[in-house]
Amino acid sequence: MWKALAFIQKNLVWSIPAFMVAGIVVGALANPAPLKSLIVPLTFLMVYPMMINLQIQKVLSGGDTKVQVITQVINFAGVPFFAFAMGKIFFGDRPLVALGLLLASLLPTSGMTISWTGFAKGNLSAAIKMTVIGLILGSVATPFYAKWLMGTVVEIPLSSIFKQIVIIVFLPMILGFVTRTVLIRIVGADKYNKTLKQKFPAFSTIGVLGIVFVAMALKAKDIVANPLELLSFLIPLSILYLGNFLLSTVVGKVFFNRGDAIALVYGTVMRNLSIALAIAMTAFGKEQGSEIALIIAMAYIIQVQAAAWYVRLTDRIFGPTPDLQTQLKQSAS
């Protein structure tokens with residue numbers, strides 16, 4: 001089972017479209033209404049496991065204030081307004097889809113920020129701190145940004161969003177911290193890091209795929225009536241991610257060393273699409289939530305693929321790691 005879950009998790013670029021298609025098929029052939037009861041448990045399954053590995057205490061460590069500040073400036077003074085502009089241009093007549101694009105941009109960083117930074121041999125400590133800070137700031141700021149930017153065209157249930165953020169972000173965050181502390185005391189830090197830590201993201205993946213399946217099933221009849229709808233989301237999403245990568249790469253290359261620059265890129269480009277999905281499906285009602293969730297689900301495909309390709313290009317953009325540079329100089333001499 002763990003091998004199957006690990007395979008699914010490593011291949012989200014394929015598994016998410018597969019579950020999207022499955023949801024559309026089920027929703028088109030059967031009544032999807034009973035699936036609504038799965039939204040809350042799937043949301044908890046999606047969010048709680050990822051919080052167990054969240055190292056909140058890292059926020060208190062210092063030494064990288066500049067990169068942390070610049071990262072959050074990009075996350076909250078740049079990306080949301082770029083996403084809002086993309087929504088205006090491409091979805092001016094579909095405010096719920098535009099809101100979905102905005103929600104995806106308002107919740108920066110996820111566990112994958114840390115993973116991709118590690119793959120690219122960037123500053124892991126900075127990436128962990130970005131993940132915690134970005135999640136907390138994004139959770140607090142999202143309702144205000146949504147009301148400010150989209151409140152004139154979409155009814156934004158401000159109190160409902162705050163309530164759901166408490167339930168799906170801060171409550172799991174507290175439970176995750178307690179769970180991690182208790183597990184380390186029971187099994188020890190070494191065993192936790194070697195055997196348990198790697199298993200929790202797989203459970204989150206089940207929740208993500210389940211939510212994607214339910215969202216597609218609930219909107220299946222509309223999608224079948226207009227099958228090109230989902231494909232139309234790929235162009236604005238691609239522009240959003242490409243613009244984000246370019247901005248963060250230039251800032252990182254100009255102002256920071258290799259390790260910090262890589263952390264900044266993944267700390268600004270990776271969005272917490274799981275939390276965005278959860279907010280869409282729980283705070284806006286089942287019908288509106290499903291429409292908002294469509295573009296967020298498509299964003300997974302772009303995000304995972306783009307992050308993987310960027311790892312391959314990292315050495316060309318920022319140069320090899322210091323250890324490799326030393327080896328190259330020694331071999332040359």
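Guide: The largest pocket has a volume of about 1,300 Å³. Closest to its centre, among its 45 lining residues, are Gln 9, Gly 111, Met 112, Ser 115 and Pro 201. One caution: this is a predicted model, where local features need pLDDT of at least 70, side-chain atom pairs count only at pLDDT 80 or more, and totals for chains, interfaces and linings use all residues. Residues are numbered from 1 along each chain as its sequence is written, and side-chain values use heavy atoms, leaving out hydrogens and water.

Visitor: What makes a space a pocket or a cavity?

Guide: On a 1 Å grid over the protein atoms alone, a cavity is a set of points where a 1.4 Å probe fits but cannot get out, while a pocket is an open set with protein on both sides within 12 Å along at least five of seven lines; lining residues have an atom within 4 Å of a point. Grid points are joined across faces, edges and corners, and the volume is the space filled by probe spheres set on the points.

Visitor: Which element gives the largest share of the lining of the largest pocket?

Guide: That is H16, with seven residues. Helix H16 spans 286-318, helices being DSSP runs of H or I with at least four residues, numbered from the N terminus. The lining divides into 25 nonpolar, 15 polar and five charged residues. Here Ala, Val, Leu, Ile, Met, Phe, Trp, Tyr, Cys and Pro count as nonpolar, Asp, Glu, Lys and Arg as charged, and the others, Gly among them, as polar.

Visitor: How many cavities of 30 Å³ or more does the structure hold?

Guide: One. The largest cavity has a volume of about 40 Å³, and its lining includes Val 79, Tyr 241 and Arg 271. Helix H6 (95-106) and helix H13 (234-255) each supply at least two of the lining residues.

Visitor: Why is Thr 179 called buried?

Guide: Its relative accessible area is 19%, and buried means under 20%, exposed over 50%, and partly exposed in between (1.4 Å probe, protein chains only). So Thr 179 counts as buried. Thr 179 is in helix H9 and touches Tyr 48 and Ile 52, leaving aside residues up to four places away in sequence; contact means heavy atoms within 4.5 Å.

Visitor: And why does Lys 121 count as exposed?

Guide: Lys 121 has 56% relative accessibility, so it counts as exposed. Lys 121 sits in the loop between helix H7 (111-119) and helix H8 (124-150).

Visitor: What is the phi of Lys 121 near?

Guide: Near 60 degrees, a positive value in a residue other than glycine. Most residues other than glycine have a negative phi.
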